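I opened the notebook to look up two things in this entry.

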Amino acid sequence: MAPHPRKRFGQHWLRSEKVLQRIVAAADLSAGDRVLEIGPGQGVLTRSLLEAAEALLAIEIDTDLCRALAQKLGNRPNFLLLQGDFLELNWQAILNDFPAFQNPRKVVANIPYYITGPILERLLGTIGAPNPQPFERIVLLIQKEVADRLCAKPGSRAFGALSVRVQYLAECEWVCAVPPHAFFPPPKVESAVVCLRPRPFPAVVDNPRQFETLVKLGFATKRKMLRNNLKSVIDRDRLSHLLEKLEVNPQARAEDLSVEQWVMLSNSLTTPCAPTP
Ligand code: SAH
């Protein structure tokens with residue numbers, strides 16, 4: 001019998017064929033693709049991915065589910081299932097023994113919502129240390145509220161520090177909204193599918209730590225003007241001057257700046273002022 005869904009592991013089984021097809025289509029798989037799936041659960045998505053990918057590595061924390069999955073799909077030669085916590089497991093090292101699964105370039109997953117932030121960080125890296133081997137494409141089914149932030153445009157309500165941090169690292173595209181009844185058991189929140197395409201680096205930010213501080217402070221009190229939120233780090237006159245140079249309204253709030261403008265603001269702080277003659 002199928003194991004009972006476990007709340008503490010964020011288990012909600014996808015049961016909508018339509019959503020499944022949208023996820024697989026967004027992954028744009030071709031025969032040579034190696035794919036990573038986080039939290040395969042009972043294997044609905046896993047099964048579809050196995051049909052389309054060259055190799056699929058899946059990492060599942062729940063030992064009972066792993067046992068059931070191994071019975072169901074263990075005979076597929078292009079399937080490798082690892083039991084463990086995705087946030088802790090050094091799967092790259094394990095793959096040394098499984099060369100056919102090394103270096104997956106795509107991630108496709110219906111992830112447990114309670115660790116969305118840490119999963120994003122593991123996949124993308126951080127502003128200070130972007131993943132040196134960025135994935136080609138990351139398709140995730142996540143909580144809608146987070147998806148809204150990842151895909152938000154500057155100037156909109158949902159645009160926040162998370163939007164800047166993630167959009168700096170990846171292009172974020174909305175795929176579709178997913179209602180609670182697309183799962184069993186239905187989660188309490190709405191969901192959505194997003195497709196992230198990590199940007200190639202070297203990074204353009206001169207001083208990543210300063211960039212992170214600026215974004216954090218800038219968004220600290222959302223309704224306040226940027227020049228008030230940043231007054232502890234940039235002198236008001238200097239900030240007005242910089243904003244003018246970036247063609248940003250001096251009364252702008254944090255959410256009015258695009259990612260490029262945040263980068264330019266941060267970089268212009270690292271450029272030393274020209275000495276006065
Ligand atoms: N992909 C499946 C299940 C989604 S539910 C489906 O679409 O139906 C989330 C899955 O992630 C569950 O199977 C849960 O056991 C697993 N999971 C939760 N925490 C995890 C972790 N830290 N590492 C790996 N898998 C995890």
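**Strand β6**

I am working with a predicted model. I started at strand β6, residues 137–143. I checked its cover: seven of its seven residues are buried. I then looked up its pairing with strand β5, residues 106–110. Five bridges join β5 to β6, and the two run parallel. From β5 it passes through helix α5, residues 116–124, and on to β6. I noted the hand of this β-α-β crossover: right-handed.

Next I looked up the pairing with strand β9, residues 191–198. Six bridges join β6 to β9, and here the strands run antiparallel.

**Domains**

I turned to the domain assignment of the protein chain. It gives domain 1 as 7–198 and domain 2 as 208–268. I looked up the separation of their centres over C-alpha atoms, which is 33 Å.

How many residues of domain 1 are in contact with domain 2? I found 13, and they meet 14 residues of domain 2. The two domains bury about 1,100 Å² between them. Carbon and sulfur atoms hold 71% of that area. On the domain 1 side I noted I127, F159 and V164. They supply 40% of the area that domain 1 buries against domain 2, more than any other three residues. I also looked for salt bridges between domain 1 and domain 2, and the count is zero.

Conventions. Residues numbered from 1 in each chain as written. Predicted model: local features only at pLDDT ≥ 70, side-chain atom pairs only at ≥ 80, totals over all residues. Heavy atoms only, no water. Buried < 20%, exposed > 50% of the residue type's maximum accessible area, 1.4 Å probe, protein only. Helix = DSSP H or I, 4+ residues; strand = E, 2+ residues; numbered from the N terminus. Pairing = 2+ DSSP bridges. Right-handed = clockwise from strand over helix to strand, strands pointing away. Domains from an automatic or database assignment. Contact = heavy atoms within 4.5 Å. Buried area = accessible area lost by both parts, 1.4 Å probe. Salt bridge = Lys/Arg side-chain N within 4 Å of Asp/Glu carboxyl O.
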